[in-house]
Amino acid sequence: MYSLNYSDSIEIAASPEALYALLSDVTRTGEWSPSCVSCTWHDDGPREGARFTGRNEDHGRVWETVSTVVTADPGREFAWVVGDSFVHWSYTFTPVDGGTRLTESWKFRPEGVSMFHEKYGEDAERQIASRTVSAHRGIPVTLRAIKRIAESA
């Protein structure tokens, strides 16, 4: 069983500020995410409180989510929650020699677990497990894609 919290890191030859500018432009998410194919801002972003819709595709399933930016600290952290705080995603930027250690973190929050039980009933645990596996497998793929994009800019 996978944990409902997961994070992974990669070192990238780019400054924290450059990576923040890239990743906080959610309209580019489809360039690096294996499941989120596009995002559009509802408001002016990136800033705390700004909202955006993400369109996701995974294993033949297509769905949209509305997220709210909860941290917009240039060069340090960019984070958002999906729905009514169901899932928390973040990127943190740590300066290292030659660039930045980028960490992507994911947390399936208790509010999300409750919502899945209400929405899916007896199938909730299977649905939660599927989303959890996707996050655990997707984060390393995402980080490698971000590194490729950032270092080729």
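The largest pocket is lined by 45 residues, and S35, N56, W63, T65 and W89 lie nearest its centre. The model is predicted: local features need pLDDT of at least 70, side-chain atom pairs count only at pLDDT 80 or more, and totals for chains, interfaces and linings use all residues. Residues are numbered from 1 along each chain as its sequence is written, and side-chain values use heavy atoms, with hydrogens and water left out.

**The largest pocket**

- Its volume is about 1000 Å³.
- On a 1 Å grid over the protein atoms alone, a pocket is an open set of points where a 1.4 Å probe fits, with protein on both sides within 12 Å along at least five of seven lines; lining residues have an atom within 4 Å of a point.
- The volume is the space filled by probe spheres set on the points, which are joined across faces, edges and corners.
- Helix α3 gives the largest share of the lining, ten residues.
- Elements that each supply at least two lining residues include β2 (36-41), β4 (61-73) and α3 (124-152).
- Helices (H or I, at least four residues) and strands (E, at least two) are DSSP runs, numbered from the N terminus.
- The lining has 25 nonpolar, 13 polar and seven charged residues.
- Here Ala, Val, Leu, Ile, Met, Phe, Trp, Tyr, Cys and Pro count as nonpolar, Asp, Glu, Lys and Arg as charged, and the others, Gly among them, as polar.

**Charges over W63**

- The charged end of R61 sits over the ring of W63, 3.7 Å from its centre.
- R131 also lies over the face of W63, at 5.9 Å from the ring centre.
- The test asks for NZ of Lys or CZ of Arg within 6 Å of the ring centre and within 35 degrees of the ring normal.

**Aromatic pairs**

- The whole structure holds eleven aromatic pairs.
- The ring centres of Y20 and F93 are 5.8 Å apart with planes at 70°, so this pair is edge-to-face.
- Y20 is in helix α1 (residues 16-23) and F93 in strand β6 (residues 87-96), 73 residues apart.
- Rings of Phe, Tyr and Trp (its six-membered ring) pair if their centres lie within 6.5 Å; planes under 30 degrees apart are stacked, over 60 edge-to-face, and the rest tilted.
- Y20 is buried at 6% relative accessible area, and F93 is buried at 5%.
- Buried means under 20% relative accessible area, exposed over 50%, and partly exposed in between (1.4 Å probe, protein chains only).

**Cysteines**

- The search finds zero disulfides (pairs of cysteine sulfur atoms within 2.5 Å).
- The sulfur of C36 is 3.5 Å from that of C39, too far for a bond.
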